Amino acid sequence: MSVDAHKTIIIGSGPAGLTAAIYAARANLEPLVLEGEPSSTSDQPGGQLMLTTDVENYPGFPDGVMGPELMQMFRDQAQRFGAELVTVRASRVDLSSRPFGVWVGDPEASEPTYRGETIIISTGAQSLMLGLPNENELVGHGLSTCATCDGFFFRDLEIAVVGGGDSALEEAIFLTKFASKVTVIHRRDELRASKIMQDRAFANPKIEFRWNSRVVEYCGDTKLSGVVVEDTSTGEREELSFAGVFVAIGHKPNTWLFDGQLPLKDNGYLLTEPDSSRTLIDGVFACGDVQDDYYRQAITAAGSGCQAAIDAERWLEANED
Amino acid sequence: MAEGITHLTTDTFDEEIGRAAGPVLVDFWAEWCGPCKMIAPVLEELAGELDGQVAIAKVNVDDAPDIARRFEVMSIPTLIVFNEGAPAKRMVGAKGKAALLDDLGEFIG
């Protein structure tokens with residue numbers, strides 16, 4: 001059984017995907033948005049902002065806005081113009097011929113679930129973990145990937161945040177609402193985070209820094225009790241006790257769906273043409289954090305989502321049969 | 001609130017879990033937890049579909065921190081299946097309906 005082709009299918013529903021949906025819907029492309037499935041690893045519907053609290057740098061909200069609330073507004077706006085949103089995760093794509101095939105559920109099924117004349121990829125990025133042996137077992141047992149979800153459980157306890165960027169400092173500052181002390185463990189002797197976040201973190205009496213330290217081991221079998229850190233200059237190791245550890249060392253783009261079909265940059269992000277959302281396959285566009293290894297902001301993701309929808313619209317116009 | 005989902009409190013938890021005839025899936029959640037909100041509609045669907053096989057209940061960790069502490073919940077959403085009054089299976093983190101049904105396979109006839 002073959003399925004009717006949509007004019008455009010948008011895979012992913014963060015700021016990039018939903019902005020693309022708003023623009024595509026207003027251009028009468030009747031976009032189908034595969035928004036993903038619930039998860040706690042920042043690849044869920046709504047994207048990374050779903051795991052944050054206050055967003056202070058999104059223009060138009062002088063008093064800030066809660067991340068999940070902002071994404072709900074994006075979603076409502078896309079639906080208002082007729083975007084069709086489905087809460088499923090794509091399991092396979094076939095970009096070898098048009099209309100392109102997209103599967104949900106069983107990736108081995110002979111026919112794709114959906115077909116699209118164009119595809120807009122906005123699958124975003126998800127949090128990186130340290131990759132230590134007992135990591136998966138300890139998530140939810142003292143090891144966390146979501147400060148806003150789990151900070152509550154560490155009231156008056158000593159915890160650590162691993163990382164040195166904006167997300168690490170945001171988490172550390174947020175966690176001081178609960179914890180008695182937050183140690184930021186960072187492998188360098190200076191932070192990558194923005195100046196304003198650094199100033200706030202340095203001024204916070206509950207935050208301490210452990211510089212030049214790499215986490216090499218999680219302590220505890222069924223419940224985390226601390227970490228072993230290695231000094232990056234001397235190699236010396238020390239065990240530190242923490243009731244909880246939050247990992248915020250960065251993100252990796254969600255590109256596995258396109259393995260072998262779309263070229264990546266050396267650092268693993270999807271390759272797009274300069275100043276455009278076009279990928280190397282005609283009719284396939286990419287926007288947001290899956291292709292942005294430099295800015296990675298909600299506002300730049302939204303901007304690139306707009307570009308992708310306009311690129312798709314013009315491509316469809318030029319290629320009309 | 002959807003029919004079929006029981007909200008358990010510090011006062012009712014032991015009695016309700018103790019007298020349940022079959023397995024009960026308890027969702028530990030809070031208002032401020034994004035992923036918890038994402039799985040709420042999935043649990044409502046499951047409450048309807050699994051009626052008679054697995055009961056669905058919720059514990060708000062803000063209102064009942066003692067219950068969360070007792071079962072060492074340190075991350076939400078955490079879903080614990082209680083069978084014959086005791087924890088039988090624990091799932092941490094939000095996931096989609098198909099994955100949840102997979103996890104509940106052993107409790108579904």
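The C-alpha centres of domain 1 and domain 2 of chain A lie 31 Å apart. Domain 1 of chain A comprises residues 5-127 + 251-318 and domain 2 comprises residues 135-247, the bounds coming from an automatic or database domain assignment. The structure is a predicted model, in which local features need pLDDT of at least 70 and side-chain atom pairs count only at pLDDT 80 or more, whereas totals for chains, interfaces and linings use all residues. Residues are numbered from 1 along each chain as its sequence is written, and chains are lettered from A and ligands numbered from 1 in the order in which they are written.

Six residues of domain 1 of chain A are in contact with six residues of domain 2 of chain A, a contact being a pair of residues whose C-beta atoms, placed from the backbone, lie within 7 Å. The side of domain 1 that touches domain 2 in chain A has one nonpolar, five polar and no charged residues. In this classification Ala, Val, Leu, Ile, Met, Phe, Trp, Tyr, Cys and Pro count as nonpolar, Asp, Glu, Lys and Arg as charged, and the others, Gly among them, as polar.

Chain A contains seven helices and 19 strands; these are DSSP runs numbered from the N terminus, helices being H or I of at least four residues and strands E of at least two. The radius of gyration of chain A is 21 Å, close to the 20 Å that the globule rule gives for 321 residues, so chain A is as compact as a globular protein of that length. The radius is taken over C-alpha atoms, and the rule is 2.2 Å times the number of residues to the power 0.38. Along the principal axes, the C-alpha atoms of chain A fill a box of roughly 65 × 45 × 35 Å. Of the 321 residues in chain A, 49% are buried (20 or more other C-beta atoms within 10 Å of the residue's own; exposed means 12 or fewer, and partly exposed lies in between, with C-beta atoms placed from the backbone).

An open sheet of five strands in chain A has the order β10-β17-β11-β12-β13, with parallel pairing; two strands pair if DSSP finds at least two bridges between them. Strands β10 (143-144) and β13 (207-210) of chain A stand at the edges with a single partner strand each, so one side of each is left without a neighbour in the sheet. Within this sheet, β11 (residues 158-162) and β12 (residues 181-185) of chain A pair in the parallel sense over five bridges, and A:E158 stands opposite A:K181 in β12(A).

Three strands of chain A form an open antiparallel sheet in the order β14-β15-β16. Its edge strands are β14 (213-219) and β16 (237-241) of chain A, each pairing on one side only. Strand β15 (residues 226-231) of chain A pairs with β16(A) in the antiparallel sense over five bridges, and A:L240 in β16(A) is the bridge partner of A:V227.

Residue A:K265 is placed in the loop between β18 (251-253) and β19 (284-286) of chain A. A:K265 is exposed, with 12 other C-beta atoms within 10 Å. Not counting residues up to four places away in sequence, A:K265 touches A:L271 and A:D293. A:K265 and A:D293 are 28 residues apart in sequence and 9.4 Å apart in space, C-alpha to C-alpha.

The contact between the chains takes 20 residues from chain A and 19 residues from chain B.

Note on methods: Two residues are in contact if their C-beta atoms, placed from the backbone, lie within 7 Å.
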